[in-house]
Amino acid sequence: MNPDANPAVRLAPEELRTLFLFEKLSEEQLRMLSATGEVVDVAPGPLYAEGEKATCFYVLLSGAIALSHRGNGTDDLEVGRTRQRGVYCGAWEAYLGDDAPEGYGSSVRVLEPARFFVLPAWKFGRVVREWFPMAVHLLEGLRIGITEAQELIGARERLLALGSLTAGLTHELGNPAAALARTLGQLQEGLDVLAPPVPVTGAVAVPRDPLGRAEAEDRLLDVLDELGVAEPDDLAPVLVEHGVSVEFLGSLGGRAAVETYARGLSVRSLVAEAAAASARISALLASAGNYAQLDRAAEGWVDVRELLDAAIEMLGAGAGRAVGNAHVVKDYADVPRLLGQAGELGQVWTNLLDNALDALAPGPGTVTVRVRDGDPGVVVEIADDGPGIPPELLGRIFEPFVTTKDVGQGTGLGLDIAWRIVVHRHHGRLGVTSEPGNTVFRVWLPLTSEPPTSELSSGGEQ
């Protein structure tokens with residue numbers, strides 16, 4: 001702010017009453033404001049910038065200003081201009097007291113010489129709380145409700161955007177993946193002609209212990225060396241892996257036949273590895289496609305085990321594979337389908353699983369996913385054997401912005417969103433117990449989406 005006039009200039013009570021913001025105040029209130037605030041002239045240029053410490057509440061008396069927001073980018077986006085006398089800006093949320101934002105929530109630029117009635121933020125906040133306590137309570141409730149709704153809507157929009165992106169990618173990648181699988185299948189058929197599998201009469205058991213494997217390779221190396229086969233050290237392990245016996249190798253009829261057959265088996269092994277990788281890619285694409293479509297489905301009958309499998313697969317933990325040094329173990333019982341929103345429940349499982357896997361990093365550990373009959377309903381438990389949740393955070397773990405992760409590693413909204421989906425949207429229960437080596441998040445979901453007659457709660461053991 002660049003004041004060009006005497007900052008001690010006051011605005012008379014009768015002139016304050018001409019401003020729509022103050023027109024209903026009493027004479028005593030107007031006199032108090034008049035004695036507290038100052039009239040300040042400001043030259044064109046920045047009045048304040050978004051994020052700067054919010055120290056003043058401004059009421060425009062004359063001139064023109066422009067309001068802008070930074071949003072998610074680095075450039076300010078102008079959202080409005082005005083010359084309207086009496087419009088206000090600055091630390092207008094100071095009435096929230098200790099909960100008020102520390103910085104300005106927008107930027108304001110003076111477009112032409114302007115005059116403002118300026119109140120210190122602390123004074124403005126105090127008089128609003130003292131003069132209008134009921135209005136302050138209503139505004140606080142409205143602000144909390146809007147903030148919570150924006151968080152939930154924002155999370156859902158991000159999930160929808162991710163789903164759309166995933167659906168597009170899986171569609172584009174699906175065709176080449178299928179073509180690769182077909183090509184590898186045809187190549188395998190061709191190899192069956194050039195290098196047919198070892199017949200049963202020529203095969204031996206493949207040793208699994210290192211010593212037995214080394215001995216088998218040495219025996220085959222002797223045969224390959226005697227025949228003068230090139231690169232016998234590379235071919236012997238392949239022959240052992242396919243269970244080729246010394247007798248069968250000797251029956252092939254000379255160096256050229258042995259070398260051709262051995263290299264054919266080597267190529268067969270490479271094709272088999274490529275086919276397995278191709279099948280893995282196709283399975284991942286199918287899982288990603290299913291995951292992307294979940295959020296588009298309306299409420300319907302769902303199997304929580306299928307949703308859990310999709311979330312596990314998306315996190316790269318399917319089929320007992322390790323994620324980093326962590327393993328995911330599934331323990332599913334037969335449970336009935338329940339009425340719910342598949343996409344939202346998928347988001348719950350993803351958040352809980354992701355947190356469990358993070359809790360184990362970087363050391364080894366196990367995440368156990370259990371599904372049980374809830375009598376009636378379904379119970380899902382996601383447990384990890386990590387260090388546990390600190391006792392001082394355990395009772396607040398479902399609150400917004402509470403997180404056990406390091407600074408910059410999480411928003412603290414995942415569990416809050418999960419709680420809202422389970423409790424508010426599906427009328428279930430979500431709880432947690434934790435001690436070193438055993439942290440368990442437990443979700444109970446009813447078979448229908450109708451609210452139960454008993455009161456629901458969150459946090460602690462359910």
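**Salt bridges, helices and a surface patch**

Modeller: In this predicted model, R213 and E217 form a salt bridge, with the closest N and O atoms 4.0 Å apart.

Colleague: What makes R213 and E217 a pair within one helix?

Modeller: R213 and E217 are four residues apart in helix α5 (residues 210-227), so about one helical turn separates them. An α-helix has 3.6 residues a turn, so residues three or four places apart point the same way.

Colleague: Why is R213 called partly exposed?

Modeller: The relative accessible area of R213 is 23%. Buried means under 20% and exposed means over 50%, so a value in between counts as partly exposed.

Colleague: Why is the contact of E15 with R85 called a salt bridge?

Modeller: The N to O distance between the side chains of E15 and R85 is 3.6 Å. The cut-off is 4 Å, so the pair counts.

Colleague: Which parts of the chain does the pair of K330 and D309 link?

Modeller: K330 and D309 form a salt bridge with the closest N and O atoms 3.0 Å apart. K330 is in strand β9 (residues 326-332) and D309 in helix α9 (residues 304-314), 21 residues apart. K330 has 44% relative accessibility and counts as partly exposed; D309, at 29%, is partly exposed too.

Colleague: How do you know whether α2 and α3 are roughly parallel or antiparallel?

Modeller: The axes of α2 and helix α3 (residues 121-131) cross at roughly 170° and come within 12 Å. Angles over 145 degrees count as roughly antiparallel, and α2 and α3 are therefore roughly antiparallel to each other. Q29, M32, L33 and T36 in α2 meet K123, V127 and W131 in α3.

Colleague: Which residues form the nonpolar patch on the surface?

Modeller: F20, L21, Y88 and W92 form the patch, with about 380 Å² of accessible area together. L21 sits in the loop between α1 (13-16) and α2 (27-36).

Colleague: Which residues in helix α6 are buried?

Modeller: In α6 (residues 232-241), the buried residues are P232, L235, A236, V238, L239 and V240. Buried here means under 20% relative accessible area. G243 follows α6 and has a positive phi, near 75°.

Notes: Residues numbered from 1 in each chain as written. Predicted model: local features only at pLDDT ≥ 70, side-chain atom pairs only at ≥ 80, totals over all residues. Heavy atoms only, no water. Patch = residues over 30% accessible without salt bridge, like charges linked within 9 Å, V, L, I, M, F, W, Y side chains within 5 Å. Areas by Shrake-Rupley, 256 points an atom, 1.4 Å probe, with all protein chains shown as cover. Helix = DSSP H or I, 4+ residues; strand = E, 2+ residues; numbered from the N terminus. Axes fitted to C-alpha atoms, helices over the stretch in contact; angles between N-to-C directions. Parallel < 35°, antiparallel > 145°, perpendicular 65-115°, else oblique. Contact = heavy atoms within 4.5 Å. Buried < 20%, exposed > 50% of the residue type's maximum accessible area, 1.4 Å probe, protein only.
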